[in-house]
Amino acid sequence: MVVRLMIVVAILSWSAGAAAASPFVHLGTYDSGANGGAEIAAYHAGTKQLYVNNTRAGSVDVIAITDPSAPRKVASIAIGAGGPTSVAVHGDWVAVAVQAETSDAPGEVRFFAPDGTALGTATIGIAPDMLTFTPDGSKVVVANEGERGDMVDPIGGVSIVDVSKGPAAATVTTLDFSAFDEGAARHGELEPSVRIYTPGASVAQDVEPEYVAISPDGERAWVTLQENNALAVLDLETPRIVDVIGLGFKDHGVEGHGLDASDRDGRINIQPWPVRGMYQPDAIVAFVHDGEPYVVTANEGDSRQADDDEPGFKEEARVRDLDLETPLLDELKDKKKLGRLKVTRTLGDTDGDGKYEALYSFGARSISVWRGDGSLVWDSGEQLARAVERANPDCFNCNGAPDERDTRSDDKGIEPEGLALGLVGERRFVFVGLERVGGVAAFDIGDPTAPELAHYESQRRGDRSPEGLLFLPAATSPNGKAMLVLACELSGTVSLWDVSGLARSRG
């Protein structure tokens with residue numbers, strides 16, 4: 001009897017341990033030692049090296065990960081000027097987006113060999129924010145944010161750098177949105193939910209491209225226009241802007257799509273509220289399922305604040321400071337309800353009488369799947385917030401540290417920001433980094449209409465603010481297993497994770 005009991009206990013203990021085992025296994029971390037020391041990472045399979053943009057030092061750091069348990073810096077590529085904002089690798093080319101020193105001057109794409117040898121430079125649009133290669137490596141597509149500052153409001157756009165004849169012979173086509181300006185040929189195509197709202201700005205000035213995803217065939221690109229709550233669809237062959245798609249608004253009043261709206265209620269309180277969320281995506285990835293294109297967005301949210309150019313304009317307001325119209329009630333102004341929630345002043349006063357009939361908050365605190373035409377397929381609702389609540393309640397909606405719990409509930413909550421897409425075994429996953437909390441979630445998107453949250457990994461190793469996520473497939477990773485790389489802005493760290501266990505994990 002005793003032996004039998006021992007066997008049962010052993011089996012139960014093994015089962016509990018197996019159930020608790022995480023499909024994310026931490027391998028190693030490189031620490032730059034500086035805030036801003038790591039933002040975006042790209043991988044060169046031939047040398048098993050990461051190329052990481054270090055905005056603090058104005059360089060691209062080369063990190064050897066031959067031994068994933070001990071990543072180490074082996075070289076640095078000096079960039080200077082306005083600094084590197086993004087990096088991408090294809091074959092033996094390393095492409096770096098470089099801002100100018102002033103906010104009204106064109107940026108550059110600089111090309112390097114893996115050993116840091118300069119291969120060529122291409123002049124692009126203003127304030128490049130992100131770049132990526134097409135799958136065949138023939139083009140580099142750059143989102144030029146054109147963010148306003150220094151008393152100027154430059155034009156945003158997208159640069160397409162043709163490197164089919166090599167970086168030294170690169171040619172550039174830069175597309176802007178001036179055809180959508182008021183009075184121009186395509187102005188009537190803009191949907192009402194495309195937010196063009198900065199005082200005195202044309203459409204071309206107001207549009208600020210943020211991130212690019214490219215179709216597997218390399219023919220189409222989707223560009224997030226974050227502040228504008230929109231996507232631009234590009235034909236890369238022509239090239240031309242095919243469409244600008246307004247993403248509409250998320251209803252946080254629907255069960256399962258609620259939010260914690262207060263940082264002063266002393267508790268986790270996720271529930272439906274009469275608020276609409278602007279999706280305002282940051283990162284975007286693209287894939288094809290059953291012959292149909294889809295994109296996934298990380299709905300971080302962002303706002304514009306006053307600067308010297310616009311002293312009378314301030315987009316953000318707290319609900320308590322607005323004059324609310326029925327059916328909104330003044331009791332919602334309570335700081336433990338909606339009173340401290342940050343919303344935009346530019347939407348909600350539908351009849352222009354100074355009273356707000358609706359409230360629009362920044363970001364949707366979720367990820368979404370969209371068809372290639374911009375129609376919504378699925379949204380994660382409040383799943384990410386619930387995952388943090390279960391795994392790390394002491395840092396729920398925090399700013400990266402437990403003593404800051406709940407401090408982001410009135411703002412953008414968990415702030416989904418970075419995305420990566422990859423196959424683990426035969427299963428397709430999208431990974432999402434939560435900027436403030438520092439956690440990472442993995443969704444199985446084998447069925448784009450019904451993704452499943454497979455795992456949430458709560459980061460407690462000093463990684464803060466994962467800005468860039470990079471998936472390394474087993475075929476090219478340094479250890480022969482599927483890996484996830486996190487480049488974390490605030491902590492300046494680069495962490496490597498073995499995620500091969502997701503092939504077996506089921507929620």
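A pocket here is an open set of points on a 1 Å grid over the protein atoms alone, with protein on both sides within 12 Å along at least five of seven lines, and a lining residue has an atom within 4 Å of a point. Grid points are joined across faces, edges and corners, and a volume is the space filled by probe spheres set on the points. Of the 39 residues lining this second largest pocket, Asp129, Glu145, Glu147, Glu210 and Glu467 are the closest to its centre. Its lining divides into 18 charged, 11 polar and 10 nonpolar residues, where Asp, Glu, Lys and Arg count as charged, Ala, Val, Leu, Ile, Met, Phe, Trp, Tyr, Cys and Pro as nonpolar, and the others, Gly among them, as polar.

The largest pocket holds about 1,200 Å³. Its lining has 43 residues, and those closest to the centre are Thr132, Phe133, Leu421, Leu470 and Phe471. By class, 31 of the lining residues are nonpolar, 10 polar and two charged.

The largest cavity has a volume of about 80 Å³. Among its 15 lining residues, Gly258, Leu259, Asp260, Arg365 and Ala385 are the closest to its centre.

Residues are numbered from 1 along each chain as its sequence is written. As the model is predicted, local features need pLDDT of at least 70 and side-chain atom pairs count only at pLDDT 80 or more, while totals for chains, interfaces and linings use all residues; side-chain values use heavy atoms, with hydrogens and water left out.

Technical notes. 1 Å grid on protein atoms, 1.4 Å probe; cavity = no way out; pocket = protein on both sides within 12 Å on 5 of 7 lines; lining within 4 Å.
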